[in-house]
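Have the structure open as you read.

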Amino acid sequence: MNAAVERGGTMISIEFTLNGDTVSVEFDPRDRLLDTLRYTLGLTGTKEGCGEGECGACTVLIDGLPVDSCLVPTYQVRGRRVDTIESVDGGTLGAFLEGGATQCGACTPGVVMTARWILANPDLRRTHRLRELMAGNLCRCTGYDGIIDSIEEGLKESQS
Amino acid sequence: MQRMEGLSKLSGREQYVDDLPVPGCLWGATVRSPAARGRIREIRFSEEFDWDEFVIVDAGDIPASNTIYLMEEDQPVLADGVVRHVHEPVLLLAHPSRDMARRGATAVEVIVDPEPAVLDFRLPPDPAQIQYGVDNVLKHLRIEKGDVEKALAAAPIVIEGVYETGSQEHVYLETQGMLAWEEDGVITVQGSMQCPYYIVDAFKKALGRDESQIRIVQTPTGGGFGGKEEFPSGIALHAALLALKAGNPVKLVYERGEDMAATTKRHPSRVRHRTAVDEDGRLLAQDIEVLLDGGAYVTLSPVVLSRAIIHAGGPYQCDNVRIDGRAQLSNSVPFGAFRGFGAPQSLFAVERHMDVIADRLGMDPVALRRRNLIRDGDSTATGQIIEDGADRIEVLDTALRLSDYEAKIESHTEFNRTSQTKRRGIGLATFYHGAGFTGGGEVYLDSAAHVAGLPDGGVEVRTASVEMGQGALTIFAQVVAARLGLSVEHIRIGAPDTAIVPNSGPTVASRTSMIVAGLVERACDDLRDQVRRSAAEVAEPAGELPEPANTASADAAVQPLEGDTMVRAITGWHARNPGQELIGKARYIKPENIEWDDETYRGDAYGSFAWAAYVADVEIDLLTFGVEVRDFVAVQEVGKVLNETLARGQIQGGVVQGIGWALLEDFVWRDGAMLNNQLTNYIIPTSDDVPPIRVAFLEVPYAFGTWGCKGIGELPMDGPAPAILNAVAMALGVQATSVPLTPERLMLLVHPELERAG
C-alpha cells in the first residue's frame with residue numbers, strides 16, 4: 001500500500017483520568033477523543049451526532065468543562081480528567097425522567113453532561129440564561145422544554 | 001407512566017446500531033454519483049489503494065431484482081449504467097478499518113456522460129428531459145366537490161395567491177445505520193428503522209429470498225421523523241449485499257454529511273389558490289393546484305401527494321372545491337416521508353392564503369376563520385361529513401385566550417407606532433391532521449399485534465411498531481398494565497424482530513397509539529380469554545379472572561389486580577401446558593362507518609382528524625430582519641391524551657421542527673444536490689432560538705382510537721409556518737408567500753428595491 005494512504009504506522013500512548021480511574025491507552029495520533037472512548041475503550045454512551053462540533057451529542061467534561069469530544073485529538077487529554085456519561089449515577093436522573101428530557105435519546109448523553117456542568121456551577125445562572133447555556137446541544141425531538149424544565153427542577157432539588 | 005426506556009437513554013446505556021460491539025466486522029462505505037443524470041462511462045479506482053483489501057459490490061452482485069421495492073419498482077439498489085441524481089449509490093465497499101472504508105469511497109471516481117437533467121420541478125420538461133411516463137408526472141390526483149367554475153364565475157370577489165415551501169432535512173440525531181450478516185442461510189439485519197416489514201419486502205424482491213431466510217431487527221432508533229420510513233430499505237440492502245459477498249458481518253453507518261446529502265427529505269412544493277368569497281368572508285369556492293417536487297424516483301410521492309391534496313382546503317366548510325395535485329420528477333435526491341407527509345406544505349398555503357384574503361377584505365383573520373371553520377355536520381373537500389363532537393371554535397377560542405391575542409394586537413400596534421428598530425406581530429393558523437393511513441389504507445395493511453404470556457408470568461408485547469423517541473413502548477406498556485392488571489415490572493416490550501413479531505404495519509402516519517395500541521389491548525383480551533378457558537377446564541381459580549376495569553379513560557389509575565392474579569394465572573397456564581406458547585392475538589377491524597372511494601377521491605379520507613389552532617408572537621429586528629418567536633401557543637383537540645408528558649413532548653418537538661422549517665432551514669442546491677450538508681450551515685433551532693412552547697389539549701374521545709385517542713405525532717408540524725408568517729404580515733404589512741423566511745428574503749420583501757440593486 002502506498003504510504004500516502006497508510007495509517008496506523010505509529011501508535012502513541014497516554015495516561016489520563018477517566019471517570020475517576022487512571023487509564024493508559026494506545027491509539028493512532030489522529031484519533032479523536034470520541035473515537036478513543038467509543039471504539040478503543042468501548043464506552044459507547046458518548047454519541048457522535050455531527051463530527052464537527054455543532055450538535056453537542058458527544059459532549060464530555062474535561063477538567064469539569066463541557067467539550068465536544070469529536071473536536072479533541074485524544075493526545076490532548078494527557079494527564080487530564082475526563083468524565084463521560086458512564087460516570088453518571090442513574091439515581092440522580094429522576095428530574096430528567098419526570099420532565100420529559102429524553103425522547104429518541106441520541107442527543108441525551110451530551111445533554112446530561114452539559115446539564116451536570118450547569119448543576120455543578122449554579123453561578124453560571126447569574127450571567128447566562130439556561131437556554132443560552134444549553135444552546136450547544138441540539139435536540140430534534142423535545143423542542144427543548146423538557147430539557148430546560150428538567151434542569152430547572154434539578155437546580156431546585158440541588159439547592160434544597 | 002414514565003418513559004419505559006428513559007433511564008437507559010439518560011444514562012447512555014441504550015445501544016444504537018453503531019454502539020453494538022461486533023468483533024471482526026467489516027465497515028461499509030458507499031460510492032455515489034457525481035452527476036444529476038447520465039450514463040456511467042467508467043469507474044476508476046485510484047492506484048494508491050490496494051483494492052484486494054476491499055470487498056466491492058456493484059449492481060451485478062444483486063441476486064434477484066435490482067430494485068428497492070416500494071410503491072413502484074423504478075429505484076435501483078445500485079445504479080446500473082445510468083444515474084438519475086447526484087449521490088445515487090453506484091458501488092459499495094467494505095474494509096476491516098472504518099477509516100479505510102470511508103477513504104476508499106473517496107478514491108473511486110465515477111465518470112458520467114451527462115444527459116439533460118430536470119433541476120426545477122416547476123418548469124415544464126423538455127422532451128429530452130422526460131424520464132417517467134410521457135410528462136415526468138409521477139402522480140396526478142384530483143378532488144372535486146360542487147361546481148367550482150360556476151361558483152368562481154358568479155362570485156363577487158376572487159382572490160389568488162401562490163405559495164412555496166422549501167425542502168427540509170430530518171436531522172434525526174442518530175444517522176442512518178445498518179449491521180448485516182448471514183448465518184445458517186438467514187440474512188439478518190439490525191439497524192435504525194421505522195418499518196421492519198418494508199425491509200422484509202425489499203429483501204424478498206432484491207435478494208430473491210422467502211421470508212424464512214430474512215430477519216430484520218430494529219435497534220433503538222435515534223429519531224426518525226419519516227426519514228427512517230422508506231430510506232432504510234436501501235441502506236439495509238447495501239449492508240446485506242456487502243455481508244453476503246464478504247461472508248462476514250458488515251456495518252454501514254453514515255456520517256452526518258453523507259446522511260444529509262444522500263437521504264430523502266421533505267418534498268418542496270408550490271401551491272396556487274384561487275378563492276371565491278363574499279363580502280362577509282364566506283368561502284364560496286376553492287380552486288387549488290398542488291405541485292410537489294418528487295425528486296428522481298417515485299418512492300412515496302403518490303401518497304405524500306394524496307395527503308397534501310386532502311388537507312389543501314383547510315378545516316373549512318366550502319361547497320365548491322377543486323384540488324388538482326401533481327408530483328413531478330426532478331433529478332434531485334428523491335424526496336420522501338417527513339412528519340406531516342405533504343400536509344404541512346398544503347396547509348401552509350391555505351393558512352397563509354386565509355390571512356391574505358382577510359387582508360384583502362379588510363377583515364380580522366380570526367373572524368374570517370370563525371365564519372368558515374367546519375361545524376359538526378359540515379363536510380371536507382372529499383365530502384367527509386365531520387360529526388366527531390369536537391368544537392373547532394372552542395379550539396380557536398382557547399388559543400386566543402391563552403395567547404392573549406386581542407390584547408397583544410393592541411399592544412403590538414402601539415409598540416410598532418413607537419419603536420424605531422423593532423416590529424411585533426401576532427399570527428394564527430387553524431388546521432387539522434388526519435391520522436392513520438388514508439382511506440382504505442389501514443384495511444390494506446391488515447395489521448396484527450401479539451402479546452405473549454411468558455413462563456415467569458410476565459407479558460411481552462410483540463409488534464413491528466418501533467420506538468424512535470415518540471414513546472410507543474410506554475403507551476403499549478400503559479395499555480397492557482391497565483388491561484391485564486399488571487404492574488410494570490411484569491411487562492416487557494420485545495424488540496421489533498420480524499422472526500418473532502407480526503406485521504403491525506409501519507411506524508408512520510401518527511397511527512401507533514391510535515391503532516396499534518388498540519390491537520395490543522385486544523390481544524390482551526385474547527390472552528386473558530385463553531388463560532381463563534384453560535383454567536376453567538381444570539376448575540382453577542384463574543378461571544374466575546375478573547373483567548378488566550373500564551379503561552376507556554386514561555385518567556383511571558392503573559390498579560394491578562390483587563396479588564398479581566394475572567401473573568399467577570399465566571404461570572398456571574404454563575404449568576398445565578409445558579413447552580407451549582401462550583400468545584394473545586388481534587388483527588385490525590375496519591370501523592363500520594368509514595367509506596372511501598380511491599377512484600373518485602370521495603368519502604372518509606381518515607377515521608379521525610385532530611383539530612388545532614396555533615398562535616405565534618414574533619418580533620422583527622428592522623436592521624437584521626431576524627424574526628424572533630417570542631411566544632408560541634399550541635392548542636389541539638386530540639381525542640384523548642394517553643400520557644401527558646409524552647403528548648406534550650410530541651407537540652413541543654413538532655412545533656420547534658416547524659419553526660425551523662419556517663425560519664431557518666434553508667437549502668443551497670447545485671445539480672439537485674444539497675451543498676450545505678452540514679450542521680454548520682444547515683441551521684436547526686437551538687434552545688436559544690425558540691421560546692417555551694405552551695401546549696393545551698382539548699379532549700373529545702374518538703370511538704375507534706385506543707382509549708379515545710387520535711394520532712398527534714405529525715399534527716404540530718402543520719401549524720407553525722403559517723402562524724409565524726401571518727404574525728410577520730401583521731408586524732410589517734408584507735405578505736410573505738414562501739418558507740423558509742430567512743432574514744435575507746424578508747429584507748427583500750420589505751425593500752424590493754435592494755433586489756434590483758443586486
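B:Val171 sits in the loop between β8 (157-165) and β9 (177-183) of chain B. Before going further, a word on conventions: helices (H or I, at least four residues) and strands (E, at least two) are DSSP runs, numbered from the N terminus. This is a predicted model, in which local features need pLDDT of at least 70 and side-chain atom pairs count only at pLDDT 80 or more, while totals for chains, interfaces and linings use all residues. Residues are numbered from 1 along each chain as its sequence is written, and chains are lettered from A and ligands numbered from 1 in the order in which they are written.

Most residues other than glycine have a negative phi, and most peptide bonds are trans. B:Val171 counts as buried because it has 23 C-beta neighbours inside 10 Å. The cut-offs are 20 or more other C-beta atoms within 10 Å for buried, 12 or fewer for exposed, and anything in between for partly exposed, with C-beta atoms placed from the backbone.

B:Asp446 also has a positive phi, of about 50°, although it is not a glycine. Its loop runs between α12 (441-445) and β17 (448-453) of chain B. With 12 C-beta neighbours inside 10 Å, B:Asp446 counts as exposed.

Where is the cis peptide bond that involves B:Pro740? It runs from B:Val739 to B:Pro740, with omega near 5°. B:Pro740 is placed in the loop between β28 (738-739) and α18 (743-750) of chain B.

Two packed helices are described by the angle between their axes and the distance between the axes. Here, axes are lines fitted to C-alpha atoms, for helices over the stretch in contact, and angles run from 0 to 180 degrees between N-to-C directions.

| Helix pair | Crossing angle | Axis distance |
|---|---|---|
| α7 (301-311) and α8 (343-361) of chain B | roughly 25° | within 7 Å |
| α14 (512-537) and α15 (565-576) of chain B | about 60° | 10 Å |

α14(B) is therefore oblique to α15(B), whereas α7(B) and α8(B) are roughly parallel to each other. Angles under 35 degrees count as roughly parallel, over 145 as roughly antiparallel, 65 to 115 as roughly perpendicular and the rest as oblique.

The crossing of α7(B) and α8(B) is right-handed. Their contact is made by B:Arg307, B:Ala308, B:Ile309 and B:His311 of α7(B), together with B:Ala343, B:Gln345, B:Ser346 and B:Leu347 of α8(B). A contact requires the C-beta atoms of two residues, placed from the backbone, to lie within 7 Å. By class, this contact of α7(B) with α8(B) has four nonpolar, three polar and one charged residues. Ala, Val, Leu, Ile, Met, Phe, Trp, Tyr, Cys and Pro count as nonpolar, Asp, Glu, Lys and Arg as charged, and the others, Gly among them, as polar.

α7(B) also holds B:Pro302, which counts as partly exposed with 18 C-beta neighbours inside 10 Å. Not counting residues up to four places away in sequence, B:Pro302 touches B:Met71, B:Leu138, B:Lys139 and B:Ala327.

Turning to helix α2 (residues 98-106) of chain B, which of its residues are buried? They are B:Met100, B:Ala101 and B:Gly104. These residues cover an arc of only 105° around the axis (taken from the directions from the helix axis to the C-beta atoms), which puts them on the same side of α2(B). The buried residues of α2(B) pack against β1 (26-32) and β5 (89-95) of chain B.

## A buried loop residue

B:Val17 lies in the loop between α1 (6-10) and β1 of chain B. B:Val17 is buried, with 27 other C-beta atoms within 10 Å. B:Val17 and B:Gln176 are 159 residues apart in sequence, yet 9.1 Å apart in space, C-alpha to C-alpha. Leaving aside neighbours within four places in sequence, the contacts of B:Val17 include B:Gly177, B:Leu179, B:Ser192 and B:Val253.

Methods
Left-handed = near helix turned anticlockwise from the far one by under 90°.
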